[in-house]
Amino acid sequence: MSDIKKVVLAYSGGLDTSAIVPWLIENYGCEVIAFAADVGQGAEELEGLEAKALASGASECHIVDLKEEFVRDFIYPTVTTGAVYEGEYLLGTSMARPVIAKAQVEVARKVGADALSHGCTGKGNDQVRFEGAFAALAPELKVIAPWREWDMVSREDLLNYLASRDIKTSASATKIYSRDANAWHISHEGGELEDPWCEPSKQVWTMTVDPMDAPNTPESVNLRFAQGKLTHVNGEALSPYQALVKLNTIAAAHGVGRIDIVENRLVGMKSRGCYETPGGTVLVKAYKALETLVLDKSALKYREQIGLEFAHVMYDGRWFTALNDALLAGAASFADIVTGEIVVKLYKGTASVTQRKSPNSLYSEDFATFGADDVYDQSHAEGFIRLFSLSSRIKALKAQGGAN
């Protein structure tokens, strides 16, 4: 019999974790405490969760509200870095993992557990994200990953396992898609999406209106930022989570935020996924537009480099690392001056920035105008160009034999 006495399981109530509860009890002879994180996936996902966990054998079920912490401490800082994985993915699943893992460890410490467990498969990124966080936060706790241990290989196996133990589940053998939802987005994998030549059917998308069916009239939304944080939507002061909820509602109605990509998983394979990130798409567009007003050329270039690196740090589950802290600190130093207002126009799946202003703006109409001005002496450009291109001039002269 195992020396593990008490395990905290990241529990969703789905087929996998419903089977994991009795499997842990049978194979480890341990007490199982279910832990569920509310990261804005929707009340319907949490309804009846505690009763379901207890019915499958868990001794307790802790449902922890992480919505505001998730948006405030993980989404907003990520937005300031400009991180977009492989040019398109806004990191919705990745961003939720560290806040969930952190809360799971806190529950484990509270109940005196000696192990943690999750339902991630051995093919995915999430096993790395969770276990990387566990290693950084609670290296003394053992980790049990049933998908890497048991001999069940299919949904049918799991359904049969539960049926033989008279544990009820709403899951079926005909589930088409694997979905993951939170306040930032919803992801879709499986079904026809496993063939990259197959166009997603209408039933794939669940959060946004089909752009073809979206209103024929554009809608503009005003976002106000203070030191890199979104504070107001359409003039209304809102908490981080509530601001995102409002943006999701507005943008989803216009079909904004759909992408269909093939991405490189951390474990080496490629996967195809469809993502819906309506409010996040608007937020990222607005933030980057405000940056163009307040950051000079070299600062913006460096912030872009931070974003490129941070996208991989986040995707690869390295939130609780020194590199993560350094990159966030760099982005935060730029975010201190990202204050102002942005207007984004939404229309049939598109989000376009149409207006921008900031008290910290470096844009000056006096200097930029194509009309007459009294502040810029165009003759000064000649000397600048000669110095800027001096190395090219010397190289060319040497090639012609005209310089020593």
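Reader: By class, what makes up the lining of the second largest pocket?

Author: This is a predicted model. In it, the lining has five nonpolar, six polar and four charged residues. Gly counts as polar by the rule used here.

Reader: Which residues of that lining lie nearest the pocket centre, and how many residues line the pocket?

Author: The lining has 15 residues. Nearest the centre of the second largest pocket lie Glu88, Leu90, Gly257, Ile259 and Thr281. The space in this pocket is about 290 Å³.

Reader: Which helix gives the most to the lining of the second largest pocket?

Author: Helix α9 does, with four residues. α9 spans 278-294, and β11 spans 258-264. Each of the two supplies at least two lining residues.

Reader: Why is the contact between Lys202 and Asp210 called a salt bridge?

Author: The cut-off is 4 Å, from a side-chain nitrogen of Lys or Arg to a carboxyl oxygen of Asp or Glu. Lys202 and Asp210 meet at 2.5 Å, N to O. That value is within 4 Å, so the pair counts as a salt bridge.

Reader: Is Lys202 buried or exposed, and how do you know?

Author: Lys202 has 60% relative accessibility. Exposed means over 50%, so Lys202 counts as exposed.

Reader: What makes Lys202 and Asp213 a salt bridge?

Author: Their closest N and O atoms are 3.8 Å apart. The limit is 4 Å, so this pair also qualifies. Lys202 and Asp213 both sit in the loop between β7 (186-189) and β8 (219-226), eleven residues apart. Both residues are exposed.

Reader: How do you know that Asp260 and Arg272 form a salt bridge?

Author: Again, by distance. The closest N and O atoms of Asp260 and Arg272 are 2.7 Å apart. That is within 4 Å, so the pair is a salt bridge. This bridge links strand β11, which holds Asp260, to strand β12 (residues 270-276), which holds Arg272. The two residues are twelve apart in the chain.

Reader: Why is Asp260 called partly exposed?

Author: Its relative accessible area is 35%. Partly exposed is the range between the buried limit of 20% and the exposed limit of 50%, so Asp260 falls in it. Arg272 has a relative accessible area of 10%, so Arg272 is buried.

Reader: How many salt bridges does the rule give, and which residues are linked in a network?

Author: The count is 20 salt bridges. Arg97, Asp126, Arg129 and Asp180 are linked in a network of them.

Reader: Where is Asp316, and what makes it buried?

Author: Asp316 lies in the loop between α10 (297-315) and α11 (322-335). Its relative accessibility is 17%, under the 20% limit, so Asp316 counts as buried. Leaving out residues up to four places away in sequence, Asp316 touches Val128, Arg129 and Leu266. Arg129 also belongs to the salt-bridge network.

Reader: Why is Lys345 called partly exposed?

Author: Lys345 has a relative accessible area of 36%. This lies between 20% and 50%, so the label is partly exposed. Lys345 is in strand β13 (residues 340-347). Beyond its neighbours within four places in sequence, its contacts are Pro218, Glu219, Ser220, Thr350, Ala351, Ser352 and Thr354.

Reader: Which residues have the most contacts inside the largest nonpolar core?

Author: Leu223 and Val282 do, in a core of 82 residues. Helix α5 (residues 92-111) gives the largest share, ten residues. Another core lies apart from it, with 30 residues, among them Ile20, Val32, Ala36 and Leu158.

Reader: What does Val282 touch?

Author: Not counting residues up to four places away in sequence, Val282 touches Val221, Leu223, Leu247, Ala251, Val256, Val344, Leu346 and Ala351. In soluble globular proteins, nonpolar side chains tend to be buried together.

Reader: How much of the chain is buried?

Author: Buried residues make up 48% of the 404 residues. The chain has 14 helices and 14 strands.

Note on methods
Residues numbered from 1 in each chain as written. Predicted model: local features only at pLDDT ≥ 70, side-chain atom pairs only at ≥ 80, totals over all residues. Heavy atoms only, no water. 1 Å grid on protein atoms, 1.4 Å probe; cavity = no way out; pocket = protein on both sides within 12 Å on 5 of 7 lines; lining within 4 Å. Points joined across faces, edges and corners; volume = space filled by probe spheres on them. Buried < 20%, exposed > 50% of the residue type's maximum accessible area, 1.4 Å probe, protein only. Core = buried A, V, L, I, M, F, W, Y, C linked by side-chain atoms within 4.5 Å. Contact = heavy atoms within 4.5 Å.
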